[in-house]
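Q: Hey, I'm new to this one. Can you walk me through it?
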Amino acid sequence: MMSSSSSPDRSFHNFCLLFLNFISFPTFLCCSFIQAPYGRHIRSGWGPTIPSWVSWFLMESPTVFFSLLIYPFGRHVSSLRSFSLLSVFLLHYIHRTIIYPLFRLHRNSNGSFPISVSLMAFTFNLLNSYVQIRWVSHYGDYEADEWFWERFLVGLVVFGFGMVVNVKSDLVLVGLKAQGGGYKIPRGGLFELISCPNYLGEIIEWLGWAIMTWSWAGVGFLLYTFSNLVPRAMGNHKWYLEKFKEEYPRNRKAVIPFLY
Ligand SMILES: NC(=O)c1ccc[n+]([C@@H]2O[C@H](COP(=O)([O-])OP(=O)(O)OC[C@H]3O[C@@H](n4cnc5c(N)ncnc54)[C@H](OP(=O)(O)O)[C@@H]3O)[C@@H](O)[C@H]2O)c1
């Protein structure tokens with residue numbers, strides 16, 4: 001893993017990096033016992049709500065605007081390597097921040113979302129964008145890394161595969177919602193093996209990012225995503241079994257085919 005020198009910003013970045021790497025376990029525990037109250041798990045007691053497409057747009061927005069704001073202050077701003085990494089990060093987050101919410105709005109998959117949960121996600125996205133993009137643009141010395149492009153290509157393939165799985169699965173789910181009549185059993189492709197291929201795709205994407213960036217920043221985000229989405233997938237799977245009972249395919253796992 002690559003590392004880099006000392007300044008107040010460097011100390012702050014180290015602190016955020018440590019924080020990111022250490023919150024995974026508590027996140028996993030918390031999310032295993034308390035399902036985040038949005039979508040099918042929404043419930044009262046979490047304060048006022050806003051339309052979910054607005055929430056997705058607002059809470060994910062730091063990943064685009066804050067990333068673009070801090071990148072130019074990096075000492076590697078004109079490095080093709082740093083720019084390639086930034087582009088991959090933005091590829092995911094332009095989709096998540098702009099295209100995905102508009103798609104939900106367009107397909108009428110638009111429930112309500114507690115502002116309190118949005119605010120927590122917004123704060124996490126600020127922290128994570130700072131950790132990832134400050135690393136990529138300033139602290140990670142990719143020009144000195146002779147294996148950079150090999151790792152970048154391997155990571156890109158993994159990331160690309162994950163993104164295709166994630167986006168395709170989200171399209172299927174939002175499409176089901178658009179048909180009206182509430183939640184349905186998703187069918188076809190990876191849905192035959194697991195309940196939440198969209199989450200598996202997201203985890204694979206950030207595995208690719210960890211390979212590309214070859215950094216504790218990337219590892220921290222991968223661990224966090226895993227800790228956030230695996231318990232939610234377990235909750236969704238249990239919810240499907242309770243809602244659809246015998247109708248729900250028994251051989252389907254939650255998020256890792258044949259295993260979990
Ligand atoms: N990196 C991270 O830590 C992180 C965290 C959270 C989410 N994400 C990503 O954000 C995206 C959305 O996450 P999510 O938790 O909202 O996903 P989700 O619960 O699977 O919902 C996705 C969309 O499909 C609808 N839907 C889901 N299952 C359905 C069914 N069986 N029948 C009909 N409609 C269904 C949902 O409607 P409702 O909203 O009305 O339920 C929602 O519009 C995913 O790609 C996920 O990977 C990433």
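Q: Which residues does UniProt give for the feature "domain: 3-oxo-5-alpha-steroid 4-dehydrogenase C-terminal"?
A: The UniProt record, an unreviewed entry, puts that feature at residues 113-260. Keep in mind that what you're looking at is a predicted model.

Q: Okay, and how much of residues 113-260 is helix, and how much is strand?
A: That span is 69% helix and 1% strand. Its end C-alpha atoms sit 28 Å apart.

Q: What does UniProt list under "transmembrane region"?
A: The record, again an unreviewed entry, has residues 12-38, 50-71, 83-103, 115-136, 148-167 and 206-226.

Q: Let's take residues 115-136. How far apart are the end C-alpha atoms there?
A: They're 31 Å apart, and the span is 100% helix with 0% strand.

Q: And residues 206-226, how far apart are the ends there?
A: For residues 206-226 the end C-alpha atoms are 9 Å apart. The chain there is 90% helix and 0% strand.

Q: Switching topic: what domains does the domain assignment give?
A: You get domain 1, covering 37-144, and domain 2, covering 146-260. On the contact itself, domain 1 puts in 28 residues and domain 2 puts in 32 residues.

Q: How much area do domain 1 and domain 2 bury between them?
A: About 2800 Å², with 67% of that on carbon and sulfur atoms.

Q: What about polar contacts, how many residue pairs between domain 1 and domain 2?
A: Twelve residue pairs are in polar contact there, counting pairs with both residues at pLDDT 80 or more.

Q: Which helix gives the most to the side of domain 1 that touches domain 2?
A: That's helix 5, with 14 residues. Helix 5 (80-106) and helix 6 (115-139) each supply at least two residues of that side.

Q: Now salt bridges. How many cross the interface of domain 1 and domain 2?
A: Two of them. Elsewhere in the tally, a search of the whole structure turns up six salt bridges.

Q: Which side chain does D170 meet in a salt bridge?
A: The side chain of R96, at 3.7 Å from N to O.

Q: And what does D9 pair with?
A: D9 makes a salt bridge with R134, and their closest N and O atoms are 3.0 Å apart. This pair links distant parts of the chain, 125 residues apart: D9 belongs to helix 1 (residues 8-22) and R134 to helix 6.

Key. Residues numbered from 1 in each chain as written. Predicted model: local features only at pLDDT ≥ 70, side-chain atom pairs only at ≥ 80, totals over all residues. Heavy atoms only, no water. Domains from an automatic or database assignment. Contact = heavy atoms within 4.5 Å. Buried area = accessible area lost by both parts, 1.4 Å probe. Salt bridge = Lys/Arg side-chain N within 4 Å of Asp/Glu carboxyl O. Polar contact = N/O pair within 3.5 Å; in protein donor to acceptor, adjacent residues only side chain to side chain. Helix = DSSP H or I, 4+ residues; strand = E, 2+ residues; numbered from the N terminus. UniProt positions renumbered as here; feature names shortened; annotations may be inferred.
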